[in-house]
Amino acid sequence: QQDMDPAALALWRFTTWATLTRAIPPPRDAAFVAGFLSASSNEGKSTWLHLLARAALDRGHRVLAISHGDHASPSNSVVPIADALNSPDRILSHLRSASPAALEVNIPSSWLWNHDSRRLWRSALASWSQEQGLVILVELPPASNLDALLLAESLPALLWISQSGKLLRNDVSPIIDTLKLSGLHLSGALL
């Protein structure tokens, strides 16, 4: 996508968002929520998150992008995860009044997902998920990390991200088996 001219990129975002929302229909009276999962780091989750966030903005949606790692977009609209979890209503208030209505919550690599932070996560996500017209895109840690599975349990849709040629079937099969045993279902895959 980096080599595309702006018109081609806009068309790509339009068709990609249309394809995604046909595969995972957004609820009429709540937020569209999807998580991005991969077998390992550096497979393109943050790239897909930001491309789809822009596609949702193009369609007039408000967007809450939750990125994982130390690669958040350079912007004034980036909120640390601790602030977001402790004040989920402030996040919604910002999204209701901002233009464009986009906000990124960054989860640094050093963040510890303990019992309390997972409880706050579920509570904040439940609050944000009730917001009609909001798109919530969540970059999860690699699926080999137990935190990813625990966080994914609260997400209605999971998209598998895989960099072409990076991993072999033998690398991915045990992770997919773990997802199935956990009751987590993949809604689609993006390559």
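**Ground rules.** I number residues from 1 along each chain as its sequence is written, and my side-chain values use heavy atoms, with hydrogens and water left out. Since the model is predicted, local features need pLDDT of at least 70 and side-chain atom pairs count only at pLDDT 80 or more, while totals for chains, interfaces and linings use all residues.

**Entry 1: ring pairs.** I looked for rings of Phe, Tyr and Trp (its six-membered ring) whose centres lie within 6.5 Å; planes under 30 degrees apart count as stacked, over 60 as edge-to-face and the rest as tilted. The count came to four aromatic pairs. One of them joins tryptophan 12 and tryptophan 48, and this pair is tilted, at 5.7 Å centre to centre with 40° between the planes. Tryptophan 12 lies in helix H1 (residues 6–23) and tryptophan 48 in helix H2 (residues 45–58), so the pair ties together parts that are 36 residues apart in sequence. Helices here (H or I, at least four residues) are DSSP runs, numbered from the N terminus.

I also noted tryptophan 113 with tryptophan 121, an edge-to-face pair at 5.9 Å centre to centre and 75° between the planes. Ring pairs link Trp111, Trp113 and Trp121 into a cluster.

**Entry 2: burial.** Tryptophan 12 and tryptophan 48 are both buried, and so are tryptophan 113 and tryptophan 121. For tryptophan 48 the relative accessible area is 12%.

**Entry 3: neighbours of tryptophan 48.** I took contact to mean heavy atoms within 4.5 Å. Leaving aside neighbours within four places in sequence, tryptophan 48 touches Trp12, Thr16, Phe36, Ile161, Leu190 and Leu191.

**Entry 4: H1 against H2.** How do the two helices pack? H1 and H2 meet at an angle of about 95°, with their axes 9 Å apart. Axes are lines fitted to C-alpha atoms, for helices over the stretch in contact, and angles run from 0 to 180 degrees between N-to-C directions. H1 and H2 are therefore roughly perpendicular to each other; angles under 35 degrees count as roughly parallel, over 145 as roughly antiparallel, 65 to 115 as roughly perpendicular and the rest as oblique. Among the contact residues I listed Trp12 and Leu20 of H1, and Trp48 and Leu51 of H2.

Definitions and conventions: Buried < 20%, exposed > 50% of the residue type's maximum accessible area, 1.4 Å probe, protein only.
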